[in-house]
Amino acid sequence: GDFSNRQLLASAGWSFGDRGSRIGVLVQALETETGIPFASPGLPTPERRQQGEQVLLALPISFWLSDSWHLELMASHRGGSFDFSDLSEPPFSISVTDTESMQARFASTHRAAAHELSWGAEWRLDEVTDTSNFGTNLENETTEIRSVFAQDVWRLGTALRLLAGARWDDADPWGSELSPRADLAWRPSEALELRVGHGKAYRPPSLGELYYPFSGNPELTPETSSSTDLGLAFSSGRASVWRATIFATELDNLIEFDFASFTNLNRGAATIRGAELSWEEGVGRRGSSFVQVTVLDTEDAIGVPLLRRPSWSGSWTVRGPVTDRLAGDLSLRYVGARDDIDPTTFERARAGSFVTADLAVAWGLGRGLELTGRVLNLADEAYEEVLGYPAPGRRYLAGLRLRLAAAGPATSNP
């Protein structure tokens, strides 16, 4: 299959006040086109294509009422159109899905004595209309999700910290779900912290999973999960921190794409176990190096590994100033071999490992103006995140950033 992706991203903001309050605006336009080479084993579909267009407008606001009271507000609107067509032979197949999503979020954080209390609410409304050469399948179908959440971080002296919180989601048409979370940390010394946590999570199906042409499934039910993790952090110096975490997650109603039926399905139960090790080290006076390695062991209800979950993965990022005006970061990412689906036979196959590199720089031009540049897939590596869909080669992005006001000391961040 072939794939193309075009994106326009623009953001602006106004910072004010001594504490860093900010009002911003973000606009993103995205166009994608994907060729689907096979409908089933041995049946090529050279004219089968999926196309998508999305436009996002977001207004984030961050406001400090005092040194101990912080508010966050966000409103966004996303409109999109997803088209499916296959003109290879009669009867021609054409499907158009138009979506609209509106979202709002409010969060308030208060610090008082040994407590840091956060609470807030979220709301999202999705609307979809789907038509094809056979008529109208969905007309202004809506889903609405209302959520409230609260969390308290309580410092019990100098050695103990307790985090307790909960989130309640009411999703039409799936009903409501309560997701609690608790986390206890103990610091026996200045250099060492031990932590244990347990929580539950809830994820309703996305618009694409529900209604994307031909692959969407309106009968999907939300995913639920239960996770437990144990971790430690060790500081070997002012700018050096080691972290290690082991975790186990049990999922129900896992949503995955089924290649046999070419649609999204709830897979039932699944288990994910793993460990994560990271090391952060200061470089120079303002730079840093961050290394992370993840090990995963996954299986579904019948003991088969989950698709596209590598047993080993990792990354390394180095960032910081190069000169007074130039700053940058270099990132390397490793993804190990993993189970996938062969795009021609639709049978399980192993996808090979790969390493990619990205480079970003920012050059200060003075008077708040900054030139930014980014090179993705720096080495022009040929690889496939998903079998049958080659990843794009080397790509170049450039932009200008203008700061009309600064909340604090100016720093470059590419």
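**View 1. A salt bridge joins E116 and R111.** E116 forms a salt bridge with R111, and their closest N and O atoms are 3.4 Å apart. The model shown here and in the other views is predicted. E116 has a relative accessible area of 31%, so E116 is partly exposed. R111 also counts as partly exposed, because its relative accessibility is 41%. Side chains of opposite charge can pair when their charged atoms come close.

**View 2. Strand 7 pairs with strand 6 and with strand 8.** Strand 6 (residues 69–86) and strand 7 (residues 93–112) run antiparallel and are joined by 18 bridges. One of the residues to look for here is W69, whose bridge partner in strand 7 is H110. Strand 7 is also joined to strand 8 (residues 115–132), again by 18 bridges, and this pair runs antiparallel. Within it, T99 stands opposite V128 of strand 8.

View 3. Strands 7 and 8 form a hairpin, with two residues between them. A113 is in the turn and has a positive phi of about 55°.

**View 4. E122 and R105 meet in a salt bridge.** The side chains of E122 and R105 come together at 2.9 Å, N to O. Are E122 and R105 buried or partly exposed? E122 has a relative accessible area of 18% and is buried; the cut-off for buried is under 20%. R105, at 29% relative accessibility, counts as partly exposed.

**View 5. Salt bridges link five residues into a network.** The members of this network are E72, R105, E122, R167 and D169. Across the whole structure, a search finds 23 salt bridges.

**View 6. D340 and R308 meet in a salt bridge.** The two side chains are 3.0 Å apart, N to O. D340 lies in strand 21 (residues 338–341), while R308 lies in the loop between strand 18 (287–300) and strand 19 (312–321), so the pair ties together parts that are 32 residues apart in sequence. D340 is buried, with a relative accessible area of 0%. R308 is partly exposed, with a relative accessible area of 31%.

**View 7. F16 and F63 form a tilted aromatic pair.** A pair of aromatic rings is described by the distance of the centres and the angle of the planes. The structure holds five aromatic pairs. In one of them, the rings of F16 and F63 are 6.1 Å apart, centre to centre, with 35° between the planes. F16 lies in strand 1 (residues 3–16) and F63 in strand 5 (residues 48–66), so this pair ties together parts that are 47 residues apart in sequence. F16 is partly exposed, with a relative accessible area of 22%. F63 is partly exposed as well, with a relative accessible area of 30%. Ring pairs also bring in W14, and the cluster is made up of W14, F16 and F63.

**View 8. W242 and W279 form a stacked aromatic pair.** The centres of the two rings are 5.1 Å apart, and the angle between the planes is 10°. The pair counts as stacked because planes under 30 degrees apart are given that name. W242 lies in strand 14 (residues 240–252) and W279 in strand 17 (residues 270–283), so the pair ties together parts that are 37 residues apart in sequence. W242 has a relative accessible area of 37% and is partly exposed. W279 is partly exposed too, with a relative accessible area of 31%.

**View 9. T372 is a buried residue of strand 24.** Strand 24 covers residues 369–376, and T372 is found in it. T372 counts as buried because its relative accessibility is 16%. Which residues does T372 touch, not counting residues up to four places away in sequence? They are V361, A362, L397, A398, G399, L400 and R401. L194 is 178 residues from T372 in sequence, and the C-alpha atoms of T372 and L194 are 40 Å apart in space.

Conventions
Residues are numbered from 1 along each chain as its sequence is written. This is a predicted model: local features need pLDDT of at least 70, side-chain atom pairs count only at pLDDT 80 or more; totals for chains, interfaces and linings use all residues. Side-chain values use heavy atoms; hydrogens and water are left out. Helices (H or I, at least four residues) and strands (E, at least two) are DSSP runs, numbered from the N terminus. Buried means under 20% relative accessible area, exposed over 50%, partly exposed in between (1.4 Å probe, protein chains only). Contact means heavy atoms within 4.5 Å. Two strands pair if DSSP finds at least two bridges between them. A salt bridge is a side-chain nitrogen of Lys or Arg within 4 Å of a carboxyl oxygen of Asp or Glu. Rings of Phe, Tyr and Trp (its six-membered ring) pair if their centres lie within 6.5 Å; planes under 30 degrees apart count as stacked, over 60 as edge-to-face and the rest as tilted.
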